[in-house]
Amino acid sequence: MNDPEIVDLDEENALAGFADNFVRDSRRPACQLYLISPLDVSGAFPDRLARALDAGPAAAFQFRVKDVDQHEAARLAEPLQRICADRDVAFIVNDSISLAKRLGADGVHLGQEDGDPREARSVLGPSAQVGVTCHGSRHLAMEAGEAGADYVAFGAFYPTTTKEARHRAEPPILSWWTTVFEIPCVAIGGITPGNAAPLIAAGADFIAACGAVWGGDEVAAMQAFAEVLKG
């Protein structure tokens, strides 16, 4: 079986063709920000999140913590979930279907090793938002769509220090996906206000941001992202 992560020259040329001719469907909503938490959300982080969401719009906030048990994760999540609910921002749990269920979260984001979208749908119900990491693979994205994912995430598009990026994606995959499928796509990986525009132009429905916001002044960063998203 061919490795879905290996993109041959013909596929690259096909994707380039989509990018060269891409025009966003006017019926498709404008690109929005998908905010991802840092790994450390303790201490004053809830205040930072509130300031960020008050400074600029975000469609969703992904709660992403590692190496803590579920009880501690739930304790950390609760104030952040309230902040998001108060601002009509979807609260998405990274990796854990069981934690998303415990919290009554708006959805879950699954890596390739974190479970099946069908399982998430069965556990979380029909209204939950289920997202799947698809790296730079058209094959994985189509599989996720067939399994009932509500969105697919491609990346990393740029170098990132937020997590180890073993897979790279190029903007034409966004153009291809948006042209062929109605399911939204998220661009992720090293995205800043300074480099987001090409991904928006290529067809991303959402751009994900983490380090660009939490690595400095979150208010200034959110305002800068808002300006880029305005076009």
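**Core, barrel and local geometry of the predicted model**

The largest nonpolar core comprises 76 residues, and those with the most contacts inside it are Leu49, Phe61, Phe63, Phe91, Phe154, Leu174 and Ile207; a nonpolar core is here a set of buried Ala, Val, Leu, Ile, Met, Phe, Trp, Tyr and Cys residues joined through side-chain atoms within 4.5 Å. Helix α3 (residues 70–86) gives the most to this core, with seven residues, where helices (H or I, at least four residues) and strands (E, at least two) are DSSP runs numbered from the N terminus. The structure is a predicted model, in which local features need pLDDT of at least 70 and side-chain atom pairs count only at pLDDT 80 or more, whereas totals for chains, interfaces and linings use all residues. Residues are numbered from 1 along each chain as its sequence is written, and side-chain values use heavy atoms, with hydrogens and water left out.

Eight strands close into a barrel in the order β1-β2-β3-β4-β5-β6-β7-β8, with parallel pairing; two strands are taken to pair if DSSP finds at least two bridges between them. The twist from one strand to the next averages 25 degrees, with axes fitted as lines to C-alpha atoms, for helices over the stretch in contact, and angles running from 0 to 180 degrees between N-to-C directions. Helix α10 (residues 218–230) packs on the sheet, where it touches β1 (32–36) and β8 (206–209), and its direction makes about 150 degrees with that of β1. Between the parallel strands β5 and β6 there are three bridges, and Val132 has Val152 in β6 as its bridge partner.

Ala141 and Cys185, although 44 residues apart in sequence, are 9.3 Å apart in space from C-alpha to C-alpha.

The whole structure contains nine aromatic pairs, for which rings of Phe, Tyr and Trp (its six-membered ring) must have centres within 6.5 Å, with planes under 30 degrees apart counted as stacked, over 60 as edge-to-face and the rest as tilted. The rings of Phe45 and Trp214 are classed as edge-to-face because their planes lie at 65 degrees, with centres 4.7 Å apart. This pair links distant parts of the chain, Phe45 in helix α2 (residues 45–55) and Trp214 in helix α9 (residues 211–214), which are 169 residues apart. Phe45 is buried at 4% relative accessibility, and Trp214 is likewise buried, at 8%. Ring pairs join Phe45, Phe61, Phe63, Phe91 and Trp214 into a cluster.

Several backbone features lie in loops. A cis peptide bond with omega of about 10 degrees joins Gly155 and Ala156, the latter found in the loop between β6 (151–155) and α7 (172–180). Asp95, in the loop between β3 (90–94) and α4 (97–103), has a positive phi near 75 degrees without being a glycine, and is partly exposed, with a relative accessible area of 23%. His135, in the loop between β5 (129–133) and α6, also has a positive phi, of about 55 degrees, but counts as buried at 16% relative accessibility.

How values were computed: Buried < 20%, exposed > 50% of the residue type's maximum accessible area, 1.4 Å probe, protein only. Contact = heavy atoms within 4.5 Å.
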